[in-house]
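Please look over the sequence and structure shown here before reading the dialogue.

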Amino acid sequence: MKEPADSDRKHMQKALSQAREAAEMGEVPIGAVIVHEDEIIARAHNLRESEQDPTAHAEMLALRKAAKNVGSWRLEGCTIYVTLEPCPMCAGAVQQARLARLVYGAADPKSGAVDSLYSIPADERLNHQLEVEAGVCAEECGRLLREFFADLRG
């Protein structure tokens with residue numbers, strides 16, 4: 001596995017900061033940031049419990065903010081950094097938003113739709129494919145989730 005770029009690690013740390021905010025609120029600690037030309041244009045973390053919204057995943061909220069900030073649903077040339085491999089809903093939304101890249105931390109063997117269970121971003125049957133970089137800060141991302149669920153179980 002190749003070593004991630006410094007900029008990828010830097011932006012994943014920002015996503016981890018979002019994930020920690022989620023944990024402090026009692027939300028599953030998943031964070032996301034969207035970057036265009038090395039500038040963060042959106043940041044978000046899970047809010048499913050707070051908003052009682054099944055779509056309030058970090059990626060979905062970040063995509064909405066980024067689209068609003070740039071004035072277009074097409075986020076071409078953008079990269080999303082997310083601490084956990086996206087689920088089918090989020091991987092589909094990332095693909096539909098036409099992002100150039102998806103960078104994630106920890107793999108999700110139970111619902112990951114990028115590499116684990118499905119490969120939505122690379123599916124050539126879809127009208128857009130995007131570059132994927134997996135495993136950036138994976139240990140730190142995974143540890144945050146493990147600790148959160150261990151604390152929850154008491």
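The dialogue below takes up helix pairs and then a pocket.

Q: What kind of model is this, and how are its residues numbered?

A: This is a predicted model, in which local features need pLDDT of at least 70 and side-chain atom pairs count only at pLDDT 80 or more, while totals for chains, interfaces and linings use all residues. Residues are numbered from 1 along each chain as its sequence is written, and side-chain values use heavy atoms, with hydrogens and water left out.

Q: How do the axes of helix 1 and helix 5 cross?

A: Helices are DSSP runs (H or I, at least four residues), numbered from the N terminus, and axes are lines fitted to C-alpha atoms over the stretch in contact, with angles from 0 to 180 degrees between N-to-C directions. Here the axes of helix 1 (residues 6-24) and helix 5 come within 11 Å and cross at roughly 5°, which makes helix 1 roughly parallel to helix 5, a term for angles under 35 degrees.

Q: Which residues of helix 1 and helix 5 meet?

A: Contact means heavy atoms within 4.5 Å, and by that rule M12, Q13, L16, A19, R20 and A23 in helix 1 meet E140, C141, L144 and F148 in helix 5.

Q: Which residues are closest to the centre of the largest pocket?

A: On a 1 Å grid over the protein atoms alone, a pocket is an open set of points where a 1.4 Å probe fits, with protein on both sides within 12 Å along at least five of seven lines, and lining residues have an atom within 4 Å of a point. The largest pocket has a volume of about 520 Å³, the volume being the space filled by probe spheres set on the points; of its 22 lining residues, I30, L84, D108, L145 and F149 are the closest to its centre. Helix 5 (residues 138-153) gives the most to this lining, with 5 residues.

Note on methods
Helix = DSSP H or I, 4+ residues; strand = E, 2+ residues; numbered from the N terminus. Parallel < 35°, antiparallel > 145°, perpendicular 65-115°, else oblique.
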